[in-house]
Amino acid sequence: MARRLALWTVCATVWWLGYGWIAARNYQQITAEWGIYVPWSEVLTAELITAGLWIPLTVLALALAARFPLGRPTPLVLGVHLGGLAVAVFGRWWVVHRLDEWLGCWPALPLLAELAVDQRPQHAFTYALLTGVGHALHYASAHRRREAELARAELARLRAQIRPHFLFNTLNTIAAVVHDDPDRAERMVVDLGTLLRQALEHGDDRPVPLAAEVDLTRCYLDIEQQRYGDRLRVVWDVSADAAEALVPPLVLQPLAENAVRHGLAPRAGGGRVLVAAHRDGDTLRLVVEDDGVGPRAGSGSGGIGLASVRSRLRAAYGVRAELTAGARPGGGFRVVLRVPWRSAGAQRVSVSSAAGVR
């Protein structure tokens, strides 16, 4: 609240002193046309004092609107705002009157002094307008907070949805080989432990470096390679600068899982999965594609994974993110993501282990 009060005070000061300077210029021009000469210093002083009295009243109106919004008026709320209006009209009148008596703020400007004292209806309207501005700021801020809370709730819901789905599929993969090849199953369990540890390290919904997502996805694909062997080839094309970009957590692994399970698993000869990431100006471009069976006629986008990623991007970026998915030229399926570029800065994670072809 203290920061907002300071910001409101600065903005009100700039606005009203600027208004006072413009009003002084206009007043001097009008009096000059009437053949009346008034020193510029007196005109400027009078107008700056007249306008400057609105600075604390502006802060008062904004603060009362934030603390006592009129959305659900109660006697207390109405009384508070009526009290603020009385201070703006009668309190201002009293201050102007006393300043004129004690300091002679308007010695050569009786008309200006009279206007400063007697324009009470205009002062009431000005205060009411400031109260309206305060309510607009309050409800805009409340709307942004609600949007942020909804986005966090949506990301949490999607995370709760995708984690059991992913873990279930991974355990099925281990169960498929545990009897025929215990050593391979043991390696897969170790990889799964590593994967779960990395997932828990980024257990909230804050953005993470893309390199961390790449390592998480690599861990998952290592598990799948233990199952499919030579039928699954993985190609990584992640540039060093792209690895430093911030992305929502669990944005790559569901796409890689779709590529394996919906694209390559139904194909007898398996195939290749490509994961690429490059910076394109102020945009990060992510690509996950396979050369498998491609989209099935009349099917959606490959199950829960792609739908969840699409919802996560919408919750994190709104309309600033773009996701396109469809058939890959030459066969297979391709997903392209474009998200606003944000650098992780010091949060650098090496992706050297994820380079090359597996």
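Q: A crossing is left-handed if the near helix is turned anticlockwise from the far one by less than a right angle, and right-handed if clockwise. In which crossing does H8 pass H10, left-handed or right-handed?
A: The crossing of H8 past H10 is right-handed. The model is predicted: local features need pLDDT of at least 70, side-chain atom pairs count only at pLDDT 80 or more, and totals for chains, interfaces and linings use all residues. Residues are numbered from 1 along each chain as its sequence is written, and side-chain values use heavy atoms, without hydrogens and water.

Q: What makes H8 and H10 roughly parallel?
A: Their axes come within 9 Å and cross at roughly 20°. Axes are lines fitted to C-alpha atoms, for helices over the stretch in contact, with angles from 0 to 180 degrees between N-to-C directions. Under 35 degrees counts as roughly parallel, over 145 as roughly antiparallel, 65 to 115 as roughly perpendicular, and the rest as oblique. H8 and H10 are therefore roughly parallel.

Q: Which residues of H8 and H10 make the contact?
A: Contact means heavy atoms within 4.5 Å. H8 brings Thr 217, Tyr 220, Leu 221, Glu 224, Arg 227 and Tyr 228, and H10 brings Gln 253, Ala 256, Glu 257, Val 260 and Arg 261.

Q: Why does Glu 224 count as buried?
A: Buried means under 20% relative accessible area, exposed over 50%, partly exposed in between (1.4 Å probe, protein chains only). Glu 224 has 0%, so it is buried. Arg 261, at 22%, is partly exposed.

Q: How do you know that Glu 289 forms a salt bridge with Arg 334?
A: Their closest N and O atoms are 2.6 Å apart, so the pair qualifies. Glu 289 lies in strand S5 and Arg 334 in strand S7 (residues 333-340), 45 residues apart. Glu 289 is buried at 6%, while Arg 334 is partly exposed at 30%.

Q: What links Arg 272, Glu 289, Arg 328 and Arg 334?
A: A network of salt bridges links the four. Within it, Arg 272 pairs with Glu 289 at 3.2 Å between the closest N and O atoms.

Conventions:
Salt bridge = Lys/Arg side-chain N within 4 Å of Asp/Glu carboxyl O. Helix = DSSP H or I, 4+ residues; strand = E, 2+ residues; numbered from the N terminus.
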